[in-house]
Amino acid sequence: APTPAVSAAVAGMAVDASGFLEQKSLMRPLPSPRFEVAPELEACHHSAAAVVKELGSRSWFSYVTPVEGGLFCPRSYDAFEWTFASLLSVMAALSAVMCLGTAYVFLRRRLRRCVQRGPRNIEVVHLLDAPAITAVIPCYLPNEQHIIEETIEWIMCSVESPGPLEVLVVYNTPCDLPEIEARLKELESAKHWPEGRRFRAERVWESQSKAANLNWAVRSLESPLVVIYDADHHPDVDSLMLLWAKMGHTDADCVQGSYYMRNLADNQFGCAPASFPFLARIIDAEFFMDWHLSKLVTRNLFLGNGYFSGSNALWRTSALVSHEFCVKAQTEDVDMAVQQLLDGRRIEFCAESRSGELAPTSCLAMWKQRLRWTIGWDETSLKHGGSFFEADNLTARARCGLVWTFLVRWAITLFTMGGVYVGLPLTTYWHLSVANWGLLITFLGHTCFLMGLGPWFFATMEAIAQAPRRGREGAVQALFVFLVASPVGSAAFFFFNLALQLTSLFKLWRGTALGWEVTQRARPQRGFL
């Protein structure tokens, strides 16, 4: 779901972008009067600058309007100006929060790295003393039959674990797939897995969803810890160790890692049908900003908790079995996260624990995936919204954080629409200056714009700081973060998310948000860059 403060920054930049980079000339002629007024002639002058100078501190709540005879006269704010100023005040406050929040996350991370003077050390415990972990991989086999074996091999052979590791694939399929199902049975009996690891594959015959697969798997668990991966995920080698270390350090019930795109070379020039150039890299940059900055701002400033996002998450089995995944939800992960948070469970983010997933193969596939996410967030907000005020296990901060994260985002979207669709045309026609808008509106517009540039700067600097970890890909990622986080990129994602939000609400209102759209998967390819 779009971060509310990011939307605020977009609105602020939209309001001020048309005038901020121009020369602010108070003598800029207006095509016609904005209002028909009858000013007191003794307060009028032949130049707008003279009127502003005479107004002094009163210019905070007054502007200048041209009248007949070539005169310029002051006029106090009326209902329209006060409404516009109120809108900009909300946008400026939210933009400032986002700017200061991203600055805090960025500077704190840099300070920790300086104190540690190197990579984070992971406490390694002898295998006999460490807990057993089950890695559960839910799979819709017809869609993921070409990638599931590669995922199994990767997790079994490459991912480090603090203790004994068992990989459990739980899959459903509407029809038999003899070849791949036979291959899964062969892998069950294979003896080449390292460190005595075990692999199991179970077909959930009654299942028609990922949620049903997960419910079956959770009921069969015997290990005290369970990590969940989607079928297209290839976690980094140390990702599970980082999740386990964070869980031990914070005593959390769940630790959620981050994602990135691993098929960056696929269809970079948009040659496939309904595709877009560098689609995977654009999504990768968006995910980077979301996981390494935006989510941490939400966790630190508002919610006080993270939330489960569906994959690359380590759970205590005792917490996970307390609720079932909703088989009717579009986003069973968010629904589960809210249920756990309402029970007072603690969920943490660990952005350093990274897992690579496959980007959608086309713009249409991306639209379907994001629409499902948006509908899922809206469903969860409507389903559990009342409980945010009634649950007994929530602290005041957690209660306010849930309301902010799941309910206030709709109001912020409306404010942002006002800033974009009202503020942008007005400040394009009458650019932001004290003469045109008064000092208050001009100050708030400039504040929105400058605060909106903060996340752009800190996201780019964070990408540059982390670039060495991914080598050449890190340098390319920093470039795309710079582009995606820019005012143009932020505005593009806002309009995309707005279209998703309106479609989601329309479908929910019509009762047509039914069925679960499968995200099309394809084998990653190697290519240029």
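**H12 against H14.** I started with helix H12, residues 363–384, and helix H14, residues 396–429, in what is a predicted model. Their axes sit 10 Å apart and the packing angle is about 110°. Since angles of 65 to 115 degrees count as roughly perpendicular, that makes H12 roughly perpendicular to H14. Next I looked up who touches whom. From H12 I noted Trp377, Asp378, Ser381 and Leu382, and from H14 Thr405, Phe406, Leu407, Arg409 and Trp410. I sorted the residues of this contact into five nonpolar, two polar and two charged.

**H9 against H12.** Then I turned to helix H9, residues 279–303. The axes of H9 and H12 come within 11 Å and cross at roughly 25°. With angles under 35 degrees counting as roughly parallel, H9 and H12 are therefore roughly parallel to each other. I put the crossing down as right-handed. On the H9 side I found Leu279, Ile283, Glu286 and Phe287 in the contact, and on the H12 side Cys363, Met366, Arg370 and Trp373. My tally by class here reads six nonpolar, no polar and two charged residues.

I also jotted down a reminder: an α-helix has 3.6 residues a turn, so residues three or four places apart point the same way.

**H11.** Is helix H11 buried or exposed? I checked residues 332–342 and found eleven of the eleven buried, so H11 is largely enclosed by the rest of the structure. The buried list takes in charged-class names too, including Glu332, Asp333 and Asp335. Val334, Met336 and Leu341 are also among the buried residues of H11.

Notes:
Residues are numbered from 1 along each chain as its sequence is written. This is a predicted model: local features need pLDDT of at least 70, side-chain atom pairs count only at pLDDT 80 or more; totals for chains, interfaces and linings use all residues. Side-chain values use heavy atoms; hydrogens and water are left out. Axes are lines fitted to C-alpha atoms, for helices over the stretch in contact, and angles run from 0 to 180 degrees between N-to-C directions. Helices (H or I, at least four residues) and strands (E, at least two) are DSSP runs, numbered from the N terminus. Angles under 35 degrees count as roughly parallel, over 145 as roughly antiparallel, 65 to 115 as roughly perpendicular and the rest as oblique. Contact means heavy atoms within 4.5 Å. A crossing is left-handed if the near helix is turned anticlockwise from the far one by less than a right angle, and right-handed if clockwise. Buried means under 20% relative accessible area, exposed over 50%, partly exposed in between (1.4 Å probe, protein chains only).
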